[in-house]
Amino acid sequence: MTGTQSRRTDPEGLHEVSTTRKLIEVSLPLEDINRESAREKSIRHGHPSTLHLWWARRPLAAARAVLFAQLVDDPSSHPDRFPTEEEQRIERRRLHDIIRRLVPWENTGDERLLREAREEIRRSTAGEPPEILDPFAGGGTIPLEAQRLGLTAHASDLNPIAVMINKALIEIPSRFAGRPPVHPGAAGSQLIDWQKATGLAEDVRRYGEWVLGRAEERVGSLYPMAKLPDGSKATVVAWIWARTVTCPNPACGVQMPLVRSWWLGKKRGREAYVIPRVVSEETAQSGRKVVFDIGKGAAGAPTKEHDGTIGRTGAVCVACRTAVELKYVRAEGKANRIGAQLMAVVAEGRRQRIYLPPSEEHLRAASVPFPVGAPEGRLAFMPRDIKAATYGMADFADLFTNRQLTALITFSDLVAEARQQVLADALASGIARGESLANGGDGAAAYADAVTSFIGMGVSRYSNFINNLCQWRPDAGKEQVGHLFVRQAIPMVWDFAESNPFSHSAGGWAPAFQFIPKVIESLPVNSVGSATQADATARSYANAVISTDPPYYGNIIYSDLSDFFYIWLRRSLRDIHPSLFSTLLVPKAEELVAHPYRHGSDEAASTHFEQGFERVFARAREAANHNYPITVYYAFKQQELENEGMVSTGWATILEGIIRAGWMVTATWPVRSELGNRMLASGKNALASSIVLALRPRQETASATNRRGFLTALKAELPRALTEMQQGAIAPVDLAQATIGPGIAVFTRYARVVEADGSAMTVRTALALINQALDEVLAEQDGDLDADSRFCLKWYTQHGWSRQPFGEADVLARAVNTAVDGLARAGVLTSREGRVALTRPAALPPKWNPATDDRISVWEVTCHLARSLTTVGIDDAAHLMAAASSRVDLDAVQLLAYRLYELAQNKDPDDALLFNALGTSWADLSAASRTKPTTVGQIALDFDNAG
């Protein structure tokens, strides 16, 4: 990377292509991006992820930042405007500031800020921003954020559920933006300024309520109210069921409940739980049966050792205490001999749940025949992720009680009726009928299709909350129905909660559906995007700029899991989107995942994935817009990194495929999207949840080199790349992963790196060499430190904070041209009784003033900043930084924080946290310090006042 613009011929030799260096290839405010990506997971109302479930979505914040940096020029590309490194740094800081303001969720609707970002993109794209394509669009994060930035967004996916989600995010709302609602109940709608898609959202809300009302008229009798002990009635929130099997003990034979936990509510002072009892029952085959009472209060609550009857290793009979193996339970399930017994009824109370024992009325209401028209289809054989099928629940209909099927069929049938109602109201409001949505219309017919598309998605979304794999959540403050897809799997659930669609608590239609119009209201509608069904290995990439999050081997079996939703979407929306829902289940043969059960073996599955992955990037190499880098998200398994680190087999294999397809890597950025980054675990860092790669086509004329040539180029270019990265205040914990970008960029720009034996160097070897080179570069930077700091760093490397003989310290001090006595007077170490130890940051004097210190060092400033930041706060640390700015090189302080983190991460987790915090906060600290006094007189007065 040269830091200037250059031009070269495109792969087909047709025209010259600009290789202007983009911001993403140089520096990002990574910690801000990671912080907002993680925080995003706690945001619910209005967040696009709540429109419909999809697995492993990338954070909006990360996608927004990546797209901006992918298109905006780095200042080093314009030496005419920014001739010096300092001017480039200032301009880079300005661009980073835009990203910092772009990434918080609260700013996604800030049109003034978005206009600023769009204008920045236009300046870097000669006024003609390119079109963005995501060929693995999934949950729609990347296309949506491209649209928010004013770009024309194209989404494609093989999976119909993903395509429908993308249509709902980037295509449908934009088409009907600015229109008032047609529902007669939206009084005064003509007098309201219906900005964005708020009119569409209002109609979706109103007709969703219409569907709920009609459903209650038809099946509301199946969901009776609960009769309370005082004779009053209350709405039922849920019915709690336990699956049962016959006890295999011949002397017992009772229908034994399979219960994960007896707990119903754990709020202190309001504890509630199920108490099983065995009673005589003449009609029972064994002469006995298990009945259930409700216990209250902490005194009789179940202990951890006696909570429930089934776990990972087997079950136990509550009547005779016989241990039962899971293989017996599986066999009973496959023979269709698993039953279900009502354990408790949960009713709404005043600010609390009311738990009641089963009653005949509620047993009769739940006794519903299997309905006509239930969706057909069988679950895939995937024992790792689809456990329910291994217990005999092989058909999708098995995942629902008959009452749940009846309710969902009713809601699904009402989608078509709602469409007729919307159409009639739209025509009555004066809108011409026009063509359907599928045929590109925008009149009354298309609008009716649009509104009911969202209602149909509401039915699909609701199925996640109304199935017999939903658990009751007894935790204090929750006490509600959970949902099926807590993780990317269809598990086996023993005791389950059957929710009431007509309750206003979690598990009801209204609480689940309310998220959809809230999402629509907040969507950007500045341009109309497109979402199509296409195979990424075969589709066109002509002139598109690609940003995508492809699947990763068999991490998630998208098609097999999404069949759960597809059966309901197809039933509800097949007439509106006929081509999208033409197949009985989600297409699977072309899906780019490594599925050993589908392909016969692990090896065949991996080959299918790797060859398909390479085909995608080879096609993109041939036709994509090469004026810009493409960006690719690579999702890690945490276990993969913890076991193998950054030379993991999967990571190396993906890079090999990218290189074979003709690409070179120009940057790698670690994105952490977990709440709380699990900073250190067992002395190791919890690394990124994904890596964003920036890729450019490798030149056809690229030459080969040998190992020495590669290492020479690596060591020459890595220091500058490291400095540019640190300008973005990248966290020390992320440095090793981010440095792979410029390192692998050197490796991938060669046609081949030849080993001494004539073989080609592997990516895995290159990654190891890059890590070694990083260590060497960091160590070489030590030589630029002042003498006191060199002593402290070397001493810390050898001894940490431990006390050691004076003689050893004296020898080291003389070697670096300093003295132990002087270091002691400076306060960075203690020397007494013939022993020497560095002073821990926490033990440094809190009223230290760097402006008046007569023997200041980079080491001392680094430790004081770390102490102040973590014990007092950023404002106090900013005072110190401002005061120290005229005494030491603050860049050297930042570098030393990175160096100390690298040294501490494997031997002292507390130190690693301390110095990572300083590196992570560097940008905020620097910004805050610019508001503090820097002259000696001002500093002295400021410090006196603070004291």
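In what order do the three strands of the open sheet stand, and is their pairing parallel or antiparallel? The order is 9-10-11 and the pairing is antiparallel. Strands here are DSSP runs (E, at least two residues), as helices are (H or I, at least four), numbered from the N terminus; two strands pair if DSSP finds at least two bridges between them.

This is a predicted model, in which local features need pLDDT of at least 70, side-chain atom pairs count only at pLDDT 80 or more, and totals for chains, interfaces and linings use all residues. Residues are numbered from 1 along each chain as its sequence is written, and side-chain values use heavy atoms, without hydrogens and water.

Select strand 9 (263–265) and strand 11 (288–296): each stands at an edge with a single partner strand, so one side of each has no neighbour in the sheet. From one strand to the next, the twist averages 35° (axes are lines fitted to C-alpha atoms, for helices over the stretch in contact; angles run from 0 to 180 degrees between N-to-C directions). Gly-265 has Ala-272 in strand 10 as its bridge partner.

Next, select strand 4 (residues 153–157).

Now show its neighbours. Strand 3 (residues 132–134) runs parallel to strand 4, with three bridges; Asp-134 has Ala-155 as its bridge partner. On strand 19 (residues 530–533), also parallel to strand 4, four bridges are found, and Ala-531 stands opposite Ala-155.
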